[in-house]
Amino acid sequence: MIPSATVTITKLNHAFGQGMLRKAVLTDINLAIYPSEIVILTGPSGSGKTTLLSLIGGLRSVQEGSLKLFNQELRGCNKKQLTQVRNQIGFIFQHHNLLKCLSAYGNVRMSLKLHPEIPKYEYRQRAVAILDAVGLSDRVDYYPENLSGGQKQRVAIARALVAQPKLILADEPTSSLDSKTGRDVIDIIQRLAKEEGCSVLLVTHDDRILYIADRIVHMEDGRLQDR
Ligand code: ADP
Ligand code: MG
């Protein structure tokens, strides 16, 4: 039996602006991503990659077409459904967006708090385990100001992965990292994806990390092409 897709996108269109200023940004997007699959999305700046990720992540409303996550249609769904869907996604952005007032542990714990099914007494143990997996076992109680750029990005990755999301959306996750740290981070994403069976959609300009992809799709002017 073919497993059901984590993400199913059919005839998705998206535009910014109104009236004369209306500009089509995504046109006729069709894409399915399956459990355990790592899909890399490439394409020039301004081609619509971040817009597509923000739609899949439920951060923007679907205008036209169908976008299903975990069999839930996002187009026209209510806030509660959207929140439920979002809580199953691990977001990794180009800029780490850590909360400065919280330690590495505190930042990672934020993700766990979104999951009422995870008991509080497991927070510390789970957070420490994932920080250890990203090579930060000796930085658990450090604040962002005392971490390097690479370490902060790893905390952000730990935060995205700690609640075992079914889908990871990563938008140029290595662009602020040196090449060694970038490769480590990619290896972590790959290892955790394969071990946990989650799907990954990763935007990158970095040819050196294409090797982890099961499939590469290319965006050009708001249209997807298989490579
Ligand atoms: P990429 O991530 O591939 O660089 P984006 O999805 O960020 O591309 O942007 C695609 C196009 O949509 C660009 O022309 C960009 O200027 C435009 N765009 C992105 N976000 C907005 C927005 N919030 N309002 C208006 N236009 C936007
Ligand atoms: Mg972008």
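**Cysteines and the basis of the model**

Guide: The structure holds zero disulfides, a disulfide being a pair of cysteine sulfur atoms within 2.5 Å. The model is predicted: local features need pLDDT of at least 70, side-chain atom pairs count only at pLDDT 80 or more, and totals for chains, interfaces and linings use all residues. Residues are numbered from 1 along each chain as its sequence is written, chains are lettered from A and ligands numbered from 1 in the order in which they are written, and side-chain values use heavy atoms, with hydrogens and water left out.

Visitor: What is a disulfide in general, and are Cys77 and Cys198 buried or exposed?

Guide: A disulfide is a covalent bond between the sulfur atoms of two cysteines. Cys77 has 17% relative accessibility and therefore counts as buried; Cys198, at 3%, is buried as well. The scale is relative accessible area, with buried under 20%, exposed over 50% and partly exposed in between (1.4 Å probe, protein chains only).

Visitor: How is the packing of two helices described, and at what angle do H5 and H6 pack?

Guide: Two packed helices are described by the angle between their axes and the distance between the axes. Here helix H5 (residues 149-161) and helix H6 (residues 179-196) pack at about 10 degrees, their axes being 10 Å apart. H5 is therefore roughly parallel to H6. Angles under 35 degrees count as roughly parallel, over 145 as roughly antiparallel, 65 to 115 as roughly perpendicular and the rest as oblique. Axes are lines fitted to C-alpha atoms, for helices over the stretch in contact, and angles run from 0 to 180 degrees between N-to-C directions. The elements themselves are DSSP runs numbered from the N terminus: helices (H or I, at least four residues) and strands (E, at least two).

Visitor: Which residues make the contact between H5 and H6?

Guide: H5 contributes Gly150, Arg154, Ile157 and Leu161, while H6 contributes Thr181, Asp184, Val185, Ile188 and Leu192; contact means heavy atoms within 4.5 Å. These residues divide into five nonpolar, two polar and two charged. In this scheme Ala, Val, Leu, Ile, Met, Phe, Trp, Tyr, Cys and Pro count as nonpolar, Asp, Glu, Lys and Arg as charged, and the others, Gly among them, as polar.

Visitor: Which members of the largest nonpolar core touch the most other members?

Guide: A nonpolar core is a set of buried Ala, Val, Leu, Ile, Met, Phe, Trp, Tyr and Cys residues joined through side-chain atoms within 4.5 Å. The largest has 39 residues, of which Val108, Leu131, Val155 and Leu202 touch the most other members. Two or more residues come from each of strand E3 (38-42), helix H3 (104-113), helix H4 (123-133), H5, strand E7 (167-171), H6 and strand E8 (199-203). Leaving aside neighbours within four places in sequence, Val155 is in contact with Leu98, Ala104, Asn107, Val108, Leu131, Leu136 and Leu147. A second, separate core has 29 residues, including Leu41, Leu74, Leu169 and Leu201.

Visitor: How many residues of H3 and of H1 are buried?

Guide: H3 is mostly covered, with seven of its 10 residues buried; among them are Ala104, Asn107 and Val108. The cover over the buried residues of H3 includes H4 and H5. Helix H1 (residues 49-56) has seven of its eight residues buried, so it is largely enclosed by the rest of the structure. Lys49 is one of the buried residues of H1. Just after H1, Gly58 takes a positive phi of about 70 degrees.

Visitor: Which residues have a positive phi although they are not glycines?

Guide: Asn71 has a phi of about 65 degrees and lies in the loop between strand E4 (64-69) and strand E5 (72-73). Glu172 has a phi of about 50 degrees and lies in the loop between E7 and H6. Asn71 counts as exposed, at 60% relative accessibility, whereas Glu172 counts as buried, at 15%.

Visitor: Where does Ile130 lie, and what does it touch?

Guide: Ile130 is in helix H4 and, at 11% relative accessibility, counts as buried. Not counting residues up to four places away in sequence, Ile130 touches Val108, Ala158, Leu161, Val162 and Leu192. Asp132, also placed in H4, is partly exposed, with a relative accessible area of 45%.
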